[in-house]
Amino acid sequence: MEKIAANMDPLFNPRSVAVIGASDNSGKLGFHVMKSLTKGGFAGKIIPVNPGTAEIMGIKVSTSISDYDGQVDLAIVVLPAKLIPGVFQECADKGVKGIVLITAGFKEIDDPAGAGLHDEIAAIANRAGIPVIGPNTFGMINFYADLNASFTPEFSRLKKGAIALVSQSGGISHLLGFMAMRMDVGFSKIIGLGNRVNVDFTQMVDYLMGDPDTKVIILYLEGIDEPRDLIETVRKYRSQKPVIAYKTGSAVVGDQASLSHTGSMAGRHEVYIGAFSQAGILNIDNTETLIDTAKAMAACPIPDGPGIAVLSGQAGPGMAACDVCEANDLMIVNFSEQTQQKINEYLPPLALRTNPVDMGPAWYDSSATGRIIRAVMDDENVNGILLLIMFASANIDVLKGISNFIMDWRQKKPFITCISAPPGIWDDEIRRLEESGAMANYPTPERAARAMVNLWGYKKL
Amino acid sequence: MKLIEKALEEGRNTLSEYESKQLLAAYQIPVTREMLVDDVKDLTKATQEIGYPLVLKGCSYEISHKTEKGLIRVDIRSDKEARAAFEEIMTNMDGSEKAVLVQEMVKGKRELVIGLTRDAQFGPCVMFGLGGIFTEILKDISFRVAPLEKRDALEMMQDIKGHKILDAVRGMEAADLDALSEILITVGRIGLENERIKEIDINPVIISGSKPVAVDALVVIS
C-alpha cells in the first residue's frame, strides 16, 4: 500500500503515457483518449498501443506495451474487460507506475464473472504497487500537467484553478465541468473514481491534501465501501484544506421493519451526513451550490465571524441577499460609529444608510460608491462583504472606478459579489477581477449570499 | 448487563420500558421516578412514594406502542383515579406478563427524541431530534457516529431545523445543553459497550424546567 501511495505522484505527473487500445476510429474510446492527450497539450511522451495499426494521429504505434522500448509511467487502458488481467500483468512487468482503467464490465455487472475479474486485477495491481483509477471511469485530468487522461477532450477547455473534484459519477463530473466552463471556474484535478480497485476517496483525499495546486477538495459520492477510513483521513487533516461533499441518495429510506423509530429513520444518507459533519466535511445538497461554494473557498478567506455587510447599488437585490443570510445564521451587523458617520457623509439621507446599505443615490458616482465600500471593508464588526450592483447605462463606469482598490485590498475578508450586466459590457472587467483573486462573482444575489453562508458554515464545523 | 442477558435467555428482542430505563439509569441518564406494580397493594405504596400527579402505563416487553393500544392514563390525581386506571389497564392488556408502571408526571412542553442505531458501516450512531408525535411527522433529526465528543453533541443539536426549541422561548428556560450533551455522549457509549443492543429509542425526552428527563424508552436487542 505504501508503494501505491508513492506512485500517486507519477500517476498524476507522468513523463510518458501509453494508451492501450488506442485507435484512429472515432467510434472507439481509444480514439477519444488519444485526442484528449494530444489536444490537451500533454508535453511528455505519448505511446499509442495497438497491434493492428502503424500510426495514430501522426504518432508511431507500438504493438504491445512490452514491445515499447522505454519507461512508461502511466497506462490508460480501454480494452475489453476479459483482456485486462493480461494487460495488468504486462504493465506490472514493464514497471508502469499508474493505470487509468476506462473499461467497464467488472464488479458492477450482474454476471459474477465481473467480480472475479475485479479481484484478479486488484491482486495484480496491489502486488505491483500500482494505483488504479477506475475501472468504469471516464478517466482523470491533471490540469497543471496538461494531462487529460479521459475520453472527453473538451475537459481541457477548463481553466486551471484551485479546486480538485473527486467523483463517483462520470455524469456529474461532466456536468460540473461544463458548469465550471460557463462560470469561468477553474480546476486543479478532476478524478473519476469509477468502481475503485485500490484508489478510493480516502487515498485521493490523502494525496490531494499534499497537492500544492489544490486548495479545495470537492467530493461527489453515492455510497462507499469504507466510509470510516475517509472520515479518519479527513479528520487527520482537519481544517488544512476545506473538503466539501455532495452525497446523493437521500430518497433511500431506513429499515422500515425496524422496531424503533431511530432504526426506521436512520437511512444511510442521514448517517453519512452526520458522520461527514463530525469529520469537518461541509455537506452540500445540489450541484449548483457545490460549485458555487468551491469557487468561493478557492477565492476567499474563511470569515472570522458571522457579521456581514450588504452593499447594493439597488435595494431589491440587497434585500434578496439579506433574506438568505438571515435565514442561515449570518448576521447583517450594525456598523461601528465611525463607519456609519462616513456613510452618512457619502449618502443623502433619503437612502437606506444603515446595513444593508442602498447605495442607489450614489450609483452613478463611482467615487462615492468606492468610499462606502472602503469604509465598510475596514469595519471590525464586518466579517464579510456582499456587493450587489446591477448595470444601468448611467453607472457604466462604476466598476472601473472601484476595481483598483478592490484589487489592492484583495480579499482581506471574504468579498463576494453579484455584479450583473447585459452580456459583453462588464464581462472582461469581472473576469479580470476574478482572475486576480479580488472577488468571487455570482449570477444572482441569492447564490452570492449562499456562498457566503457556506464559508461561515465551514468555519463553524 | 444482566438485564440484557436475561431478556435474551427468554428469547426476547426488546426490553420493557421499565427495564430499558433501568439500563439508562445505570448509565446515569436521568429517567422518570417510577415503580412497577402488579397488585393493588403495591399500587398504593407506589402512589404514596412517588406522589401525584401520576402517569400509569401498561408495561411489558411485548408492547412497544402503548398509546395506540389505550394503555396509558395521564394526570392521575387521586387514589380513586389511580385504582380505576390500574384496573382498566390490567384488563386491556393481554399477554402473559402484565404489570403497570406508576410514573411521576414530568411537566414540560418540549419533547425530544434521542436514539441509537447500528449502521453496517459506521457502527453505533446516535440520533437527536424533535420528539413525541413530531418525530415521525417532521423527521427533524440528525446523526453522529459514536464515540461522540462534546462538540459533536452540541453540533448535532444545532443541526436540526427546530433547534430553536432548545432556546429560552415563550417564557420557558433554555434547555440545559450540557445535560443533553451528556445523554447523547452516554447513549453512544452504551452502543459501543453493549454489542447486543441493536437500537435505542428514548422518546420523549421531556425538558422539565431546563433539565432533560427520559420519559419513555425502548431498547431493542439481538
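**View 1. A hairpin in chain B of the predicted model**. Strand 9 and strand 10 of chain B form a hairpin with two residues between them, and in the turn G209(B) has a positive phi of about 70°. The two strands, strand 9 covering residues 197–208 and strand 10 covering residues 211–214 of chain B, run antiparallel and are joined by four bridges. Within this pairing, I207(B) has P212(B) in strand 10 of chain B as its bridge partner.

**View 2. The open parallel sheet of chain A**. Five strands of chain A make up this open sheet, in the order 2-1-5-6-7, with parallel pairing. Strand 2 (45–49) and strand 7 (132–133) of chain A each have a single partner strand and stand at the edges, so one side of each is left without a neighbour in the sheet.

**View 3. Strand 6 beside strand 7 in chain A, with helix 4**. Strand 6 of chain A, residues 98–101, pairs with strand 7 of chain A in the parallel sense over two bridges, and V100(A) stands opposite I133(A) in strand 7 of chain A. Helix 4 of chain A, residues 84–94, packs on the sheet and touches strand 1 (16–20), strand 5 (74–77) and strand 6 of chain A, while the direction of helix 4 makes about 170° with that of strand 5 of chain A.

**View 4. The contact between chain B and chain A**. Here 29 residues of chain B are in contact with 16 residues of chain A. Among the elements that give two or more residues to the side of chain B that touches chain A are strand 6 (110–119), helix 6 (150–159) and strand 9 of chain B. By class, that side of chain B has twelve nonpolar, eight polar and nine charged residues.

Key. Residues numbered from 1 in each chain as written. Chains lettered and ligands numbered in written order. Predicted model: local features only at pLDDT ≥ 70, side-chain atom pairs only at ≥ 80, totals over all residues. Pairing = 2+ DSSP bridges. Contact = placed C-beta atoms within 7 Å. Axes fitted to C-alpha atoms, helices over the stretch in contact; angles between N-to-C directions. Nonpolar A, V, L, I, M, F, W, Y, C, P; charged D, E, K, R; others polar.
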